[in-house]
Amino acid sequence: MRHEKVDLIFQAAVQIFSDRGFDQAKMDEIAQAAGVAKGTIYYHFDSKEDLFVGLMNEGLSQLTQYVERNLEGAFTASDQLYAIIEAHVQFFVENGKLAKLLLNEAFDTQERQLQFRAKVRNYISVIDQVIQTGVRNGEFEVKHSQELAVALFGAASVMVLHKIYAHDIDKQEELQAQTPAILSTLEMIMKSVIKMK
């Protein structure tokens with residue numbers, strides 16, 4: 001079981017990294033925002049980079065769990081694919097600052113890129129498996145399932161990120177109001193690239 005102070009550190013790190021950027025963020029600020037001593041952070045993380053990578057891994061784990069919960073009760077591949085996209089968008093809307101970090105800062109250093117890509121590949125494989133299931137059972141006509149999975153991940157992520165930058169990410173109700181338009185557009189994209197039988 002993870003120490004509860006790690007959750008406090010992660011919450012504070014999202015705020016500080018998002019507001020100041022990785023390079024300008026200070027461990028003192030994160031410790032103060034978390035209400036812990038700086039030594040407590042270093043007890044759990046070797047460095048600011050280690051903390052950031054841990055935060056990215058945690059964010060992607062939360063996203064994957066959120067998506068898996070949304071898949072419960074979706075039985076057809078079409079329903080499952082929509083459930084994934086819906087959960088993806090909703091998670092990023094509800095966690096705007098984390099989404100901003102995941103999609104901006106995670107590609108900064110080579111170490112981060114390697115770790116982030118591995119986690120993203122695992123997540124995209126969930127989308128790919130649903131698409132392949134749809135092809136096997138005759139719901140979809142798709143030639144390149146993995147490429148489509150990447151495209152859907154990218155489209156959903158960038159659309160939400162665009163809205164985050166277009167609106168104040170602290171104004172949750174404004175972002176929530178944008179969700180139906182995002183999902184409607186993504187559904188239209190899915191129907192245009194997947195020939196549904």
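Here is a walk through salt bridges in this structure. The model is predicted, so local features need pLDDT of at least 70 and side-chain atom pairs count only at pLDDT 80 or more, while totals for chains, interfaces and linings use all residues. Residues are numbered from 1 along each chain as its sequence is written, and side-chain values use heavy atoms, with hydrogens and water left out.

Side chains of opposite charge can pair when their charged atoms come close. The structure holds 4 salt bridges, each being a side-chain nitrogen of Lys or Arg within 4 Å of a carboxyl oxygen of Asp or Glu.

Let's begin with Asp19 and Lys97, whose closest N and O atoms are 3.0 Å apart. Asp19 sits in helix H1 (residues 4–20) and Lys97 in helix H6 (residues 96–104), so this pair ties together parts that are 78 residues apart in sequence. Helices here are DSSP runs of H or I with at least four residues, numbered from the N terminus. Lys97 is buried at 12% relative accessible area, whereas Asp19 is partly exposed at 48%. Buried means under 20% relative accessible area, exposed over 50%, and partly exposed in between, with a 1.4 Å probe and protein chains only.

Next comes the salt bridge between Asp28 and Lys38, with 3.2 Å between the closest N and O atoms. Asp28 belongs to helix H2 (residues 27–34) and Lys38 to helix H3 (residues 38–44), 10 residues apart. Asp28 is partly exposed at 49%, and Lys38 is partly exposed at 35%.

Finally, look at Lys191 and Glu187, where the closest N and O atoms are 3.6 Å apart. Both lie in helix H9 (residues 172–193), and being 4 residues apart they are separated by about one helical turn. Lys191 is exposed at 51%, while Glu187 is partly exposed at 29%.

Terms used
Helix = DSSP H or I, 4+ residues; strand = E, 2+ residues; numbered from the N terminus.
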